[in-house]
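Hi,

Here is the structure I promised to pass on.

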Amino acid sequence: MKLNGPLTFVPILLLVLGTSALKLEEEEPRQKRLFSLFNVVRFRNEPCSGGRLDNIGTCMSSTECVSAGGNTIGNCAAGFGICCGFSIVGCGGTVTQNCTVIRNEGFPSPTTETDKTCTYNFNRIDSNICQMRLDFQPTTTLPLATLPDGQCGDTGAELRVGSGFSNNAAAFPPVICGQLTGQHLYFESGSTGNAGSLAISLGTTPGPRQYNIKVSYIPCDSPLRPPSGCTQYFTGLTGTVTSYNFAGGQFLGGHNYNNCIRQLEGFCSFSVAESAIVTPDPFDVSNANMIQDNCMKLSHVLIPSSVMIHDNDRMVIVIPSMRCGQNFGSVSGPDQRVPSSLPSLPNVPFAIGVRTLPAMLVGGVTGLGGFSLDYTQVPC
Ligand SMILES: *[C@@H]1O[C@H](CO)[C@@H](O)[C@H](O)[C@H]1NC(C)=O
């Protein structure tokens, strides 16, 4: 709890007011005095919790919450404030508060609408915003196109982000769809205009269309801010990295992004292996009938592996190593089953890259489930 100066004086003054020495005072001025005391109470508008993990709000006075159009979802600031939650329910809108949740028309039921695009703009609420983070909460699911497998957009739905950071779609995370609950996505907010936008095209493919997405503004100096170019960011000693729509059982096509891991102090590298699950298959990233002797022309994941040190300038170059096929292994190339444990390397970015062939490319991502990989940071 962080409160500013005036509030810390409130309990002391109340105590003084409660002593018999003040009993001689008339009721009216005393009430006035109490009233004016409470008027100077201010809260830092910090994130607070409404009890459930997916229920995040901002700490405010009840007056502030009402005038900002929020709803009470709990208490904060030791009961002096209320936890004010913001949501937009419906197709499109403007986000003006941190941690606003955007939900489809009719949520928690799926929307019955199809064939339209719902656009949400994220106002730049602060000058110190560098990135935006979207958390896909229960339940976020949008149907893929029926054909080709792994295609978002087209007749399928799609979720696409943008900002003043760039006009080039390639500067942003890939377009995603499918079952996204539990996953998240970061993108750069740029320094001008809105801090970002999210366009959700509902498509026409049959299937439930539902979304419940928490929008967070990431300050430039936030420990939650990943390095540029990281679409997912994991901060634990251990964790599980899954491809988008892994729960939906279909790898998505045309992707090129990185999953980054925040390096903990005293940890120099990380090891990564297939998650210990049998169903769905934790590593299913290229078609068996397309597997040749290298991963370059197939959908694959990238892990840091070898390092070249230039003696003259001491420059360190990390060469990522590709893994593809039906098994994730310690050796580059298809189908090496031994779980990979990476050597300790200096200055290695803790990242797992993903590159997938476009769905349109015959056999590109047909019938592939994607991956679920467990990482563990390794002490120096
Ligand atoms: C928005 O909320 C997140 C927590 O969900 C917090 O880390 C971040 O600092 C907040 N952003 C701003 C601009 O206050």
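For a disulfide, the two sulfur atoms would have to be within 2.5 Å. Cysteine 99 is also buried, at a relative accessible area of 5%. Keep in mind that this is a predicted model.

**The disulfides**

How many disulfides does the structure hold? There are 9, and I'll walk you through some of them. As a quick reminder, a disulfide is a covalent bond between the sulfur atoms of two cysteines.

Cysteine 48 belongs to strand E1 (residues 47-49) and cysteine 83 to strand E4 (residues 81-85), so the bond ties together parts that lie 35 residues apart in sequence. Are these two buried or exposed? Cysteine 48 counts as buried because its relative accessibility is 9%, and cysteine 83 is buried too, at 0%.

Next come cysteine 268 and cysteine 380, joined with an S to S distance of 2.0 Å. Here the torsion about the S-S bond is about 95°, so this disulfide is right-handed as well. The pair links distant parts of the chain, 112 residues apart: cysteine 268 is in strand E19 (residues 267-274), while cysteine 380 is in the segment after strand E24 (370-379). As for accessibility, cysteine 268 comes out at 26% and so counts as partly exposed, whereas cysteine 380 is exposed, with a relative accessible area of 65%.

Then there is the disulfide between cysteine 295 and cysteine 324, whose sulfur atoms are 2.1 Å apart. Which hand does it have? The torsion about its S-S bond is about -75°, so the disulfide is left-handed. Both of its cysteines sit in loops: cysteine 295 between strand E20 (283-284) and strand E21 (300-309), and cysteine 324 between strand E22 (316-323) and strand E23 (351-355). The bond therefore ties together parts that are 29 residues apart in sequence. Cysteine 295 and cysteine 324 are both buried.

Cheers

Notes. Residues numbered from 1 in each chain as written. Predicted model: local features only at pLDDT ≥ 70, side-chain atom pairs only at ≥ 80, totals over all residues. Heavy atoms only, no water. Helix = DSSP H or I, 4+ residues; strand = E, 2+ residues; numbered from the N terminus. Buried < 20%, exposed > 50% of the residue type's maximum accessible area, 1.4 Å probe, protein only.
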